[in-house]
Amino acid sequence: MQGDFQAHSQALARLGVPSRLVKKATELEGLSGLILPGGETTTFLKFLQEEGLFEPIRQFADAHPIFGTCAGAILMADQVENPFQPSLGLVRMTVRRNAYGRQLSSSIRTLDPDPELETGPEAGTPLEAVLIRAPVILQVGSEVRVLARLDGNPVLVRQGLQLAGTFHPELTADTRVHRYFCQMVATTNSGVVSRK
Ligand code: GLN
């Protein structure tokens, strides 16, 4: 609908994973996973409401992995601040929008991810995190696993089938985070893991 969906398609293509765009609820059919890209949540919310996508995405999340980056992660949270706004409530976390300041204070940082992410050619090297008017994850529920932190705050988290990151792995050549998500999708489809 909006945001950097193209960059995500390219990141998946680099891994040889096919993808297609979803703008309507019926287009979720047949998919094994969903990525909610970065962009502007206020615009996303307008489209999601107009297209009646809130409930279909929630239902999709019951049995399929979803990965949200930045704005996508804000949509997945169950509490949003600055200002309060509705969200899908897929991950038990509180996020504060635009917490690193405006566009000017967007930055590229490096972080050490959880060993679980350390697969493929980039394993063991620092992970670049591109932050663009990013939210801060202020707190997470006990069922949420933190896979990476920056300055002490979680920046990549997982709850069951849901993965949410406040940075943009689709904007770097590093494929680790997308590979991790594709692995979640593959194991879910083969019935190895359940939702919790
Ligand atoms: N600032 C945006 C929002 O709050 C998110 C920015 C992004 O996705 N890069 O909706």
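User: How many bridges join strand 1 to strand 2?
Analyst: Three bridges join them. Strand 2 covers residues 66-69, and the two strands run parallel. Keep in mind that this is a predicted model.

User: Which residues face each other there?
Analyst: Ile 35 stands opposite Phe 67 in strand 2. Leu 36 has Gly 68 of strand 2 as its bridge partner.

User: What about the other neighbour, how many bridges join strand 2 to strand 10?
Analyst: Four bridges join strand 2 to strand 10, residues 162-165, and that pair runs parallel. Thr 69 stands opposite Gly 165 in strand 10.

User: Okay, zooming out. What is the strand order in the sheet?
Analyst: The order is 1-2-10-9-8, in an open sheet of five strands with mixed pairing.

User: What does the twist average from one strand to the next?
Analyst: The average is 15° per step from one strand to the next.

User: Changing topic: are the residues on the faces of strand 2 buried or exposed?
Analyst: Buried, on both faces. Ile 66 and Gly 68 cover one side, while Phe 67 and Thr 69 are on the other.

Terms used
Residues are numbered from 1 along each chain as its sequence is written. This is a predicted model: local features need pLDDT of at least 70, side-chain atom pairs count only at pLDDT 80 or more; totals for chains, interfaces and linings use all residues. Side-chain values use heavy atoms; hydrogens and water are left out. Two strands pair if DSSP finds at least two bridges between them. Axes are lines fitted to C-alpha atoms, for helices over the stretch in contact, and angles run from 0 to 180 degrees between N-to-C directions. Buried means under 20% relative accessible area, exposed over 50%, partly exposed in between (1.4 Å probe, protein chains only).
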